[in-house]
Amino acid sequence: MSLADAPHAIALEAAPRSRPPEAVRPLRILLITPRGKKEEDSSQKALFSMAIGVLVSITPPQHSIELADELFGDPIDVAAPYDLVGITTRTMNATRAYELADAFRARGTPVVLGGVHVSFNYEEARAHADAVVCGEAENLWADVLADAAAGALRPRYDARDYPPVTAIPELNYERILRSGRRQPVDARKSIPIAITRGCPYTCAFCVTPNFTGRLYRMHSPEAIRRQVLEAKRVFFRPSKYGKTPWFMFTDENLGVNKQRLWEILEVLATCDIKFSSFISINFLEDDHTVELLVKAGCLMALVGFESIHQQTLAAYNKGRTNSARKYAEIIARCRKAGLNLQANLLTNPAIDTYEDMAATERFVRDNDLVMPIYSIITPYPGTQLYKEYKERGLIVDEDWDKYTAHNLVVRCDRYDPLEYQLRYLGHFLGMYSWPTIVRRVLRNRNRLVNLITSVLFRKNLQDQIASVRSGRRRPVQQGRSVAPPPPAVEEVEVE
Ligand code: B12
Ligand code: SF4
């Protein structure tokens, strides 16, 4: 399902209006990032969600904004007299978002829900909100605020009814800091910044092609320099951990426009920063791009390897960017140039056997990949995969809390689902076995970061395994009888 196919019952009510945004009466607004009930405490926790950062930055100045981020445990007072509450959603936190929305609305406070999950689940979300925003908010947020001030929120605001969002707004870091509860950070915590938005590829498991993907947008090099310097001034404090700030680029795919990327990287090289970013592996075949990335301060490129088998990549429509036979060579060349690669990998019970899981673990170990993220295929609403799996009856669990990408929510016919879940976690833990951690730390740059993140991941995975084994987080059994507990995790680790 793309946004264009999504139910669109009241589209015509949502025609754009022009009203001077500054003429609207000042509102007291609360913007919330909810925490999903099964969301793990992540070492990648963002200092602020980019959606909230954008909303703060495009809100006309007369409105006062407060931020509450549940990932940091910020308290939320549902009885406070806000004029409007806005909540951002991803699938894994949608249930919690609805719970919060219901609590505010029960006290008469209007709630607007937005984000990637509700954009593809309008019918579900509308029961919990006064207004649902579908798609990117840049061109419609002023209308939402004007309507809220007039007490006339419309049930749906759809980005398709507004001009396309052709640029990325510059973040107002000063206002984000003032509105939220986060303090400036040292070199150990990353500051979010967006360089590009969108991606032209069409991987079946990714929501981007049907959401932001169609139009690839980039900041100008000058706008990037301005924002980096401002973000540094506002959010960074040098300390004994270093004098260079670490940025998390929230791009979907940094490398799409090579010439422009090169210009941007030249500018970043003068800014004295370190950063990580998503980039597809085909762009790392270019030695000059890799060299410029390293010079600009890229410590870690986040790469969707997804599978080590070409036919599996083809099944996900990922064959355009990924050539499995080139993986080892590209990783080695990047490492030689000083660039660490973080690996995102998938397992799918319809495709991957236990042997494939073991081979994936070996691949991570043999190539000394940093911070590997191994996920179970999760058909997120809005993806091609969701459409197909839904039609074929392959989705067995739509408890959104479980959509963390670490739970089995699809059919698992060849194996016992509980065993598959545990084997998967066991191999994920194997990617963080002590011998693998030691090799990873010794062979890559940033030894301390690699060591700390590896230990945190290891601990987190041990907790997850304990939680599944104890029955607190078992997969839906799909009509089978519950199998006896599978072998202890250590037995399936490949050391
Ligand atoms: C950067 C990123 C990350 C970063 C986050 C850094 C950060 N600072 O937030 C990191 C690396 C940590 C990350 C991790 C994960 N991610 Co991620 N990530 C992204 C990515 C590439 C960009 C997100 C972003 O910042 N976009 C820019 C902002 C501005 O866009 P936005 O959030 O959509 O907000 C706009 C609109 O939605 C709307 N809006 C949003 N909220 C609200 C609220 C209101 C009130 C209003 C009015 C409007 C509104 O307006 C905004 C401005 O236009 C997206 C891809 C994508 N297309 O979204 C995936 C994506 C969000 N990630 C995804 C996943 C699955 C994960 C992981 C589970 C991966 C894994 N296997 O571990 C983890 C989960 C971590 C967690 N606990 O959240 C999925 C989520 C799918 C879903 N339906 O929920 C996405 C969509 C990618 C995909 N596979 O399709 N991710
Ligand atoms: S290359 Fe990355 S961002 Fe682009 S469609 Fe594929 S998974 Fe999504």
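Visitor: A residue is buried if 20 or more other C-beta atoms, placed from the backbone, lie within 10 Å of its own, exposed if 12 or fewer, and partly exposed in between. What share of the 495 residues in the protein is buried?
Guide: This is a predicted model, in which local features need pLDDT of at least 70 and side-chain atom pairs pLDDT 80 or more, while totals for chains, interfaces and linings use all residues. Residues are numbered from 1 along each chain as its sequence is written, and chains are lettered from A and ligands numbered from 1 in the order written. Of the 495 residues, the buried share is 48%.

Visitor: What is the radius of gyration of the protein?
Guide: The C-alpha trace spans about 65 × 60 × 40 Å along its principal axes. For 495 residues a compact globule would come near 23 Å, by the rule of 2.2 Å times the number of residues to the power 0.38, over C-alpha atoms. The protein agrees with this, at 23 Å.

Visitor: Which element gives the most to the shell around ligand 1?
Guide: The shell has 39 residues, each with its C-beta atom within 6 Å of the ligand; Ala-46, Met-50, Gly-86, Thr-88 and Gly-114 come nearest. Strand 3 (84-89), strand 4 (111-115), helix 3 (116-119) and strand 14 (370-376) are among the elements that supply at least two residues each. With four residues, the most comes from helix 1.

Visitor: How many charged residues are in the shell around ligand 2?
Guide: The residues around ligand 2 include Cys-199, Cys-203, Cys-206, Glu-252 and Asn-253. Five of the shell are nonpolar and six polar. The number of charged residues is one.

Note on methods: Ala, Val, Leu, Ile, Met, Phe, Trp, Tyr, Cys and Pro count as nonpolar, Asp, Glu, Lys and Arg as charged, and the others, Gly among them, as polar.
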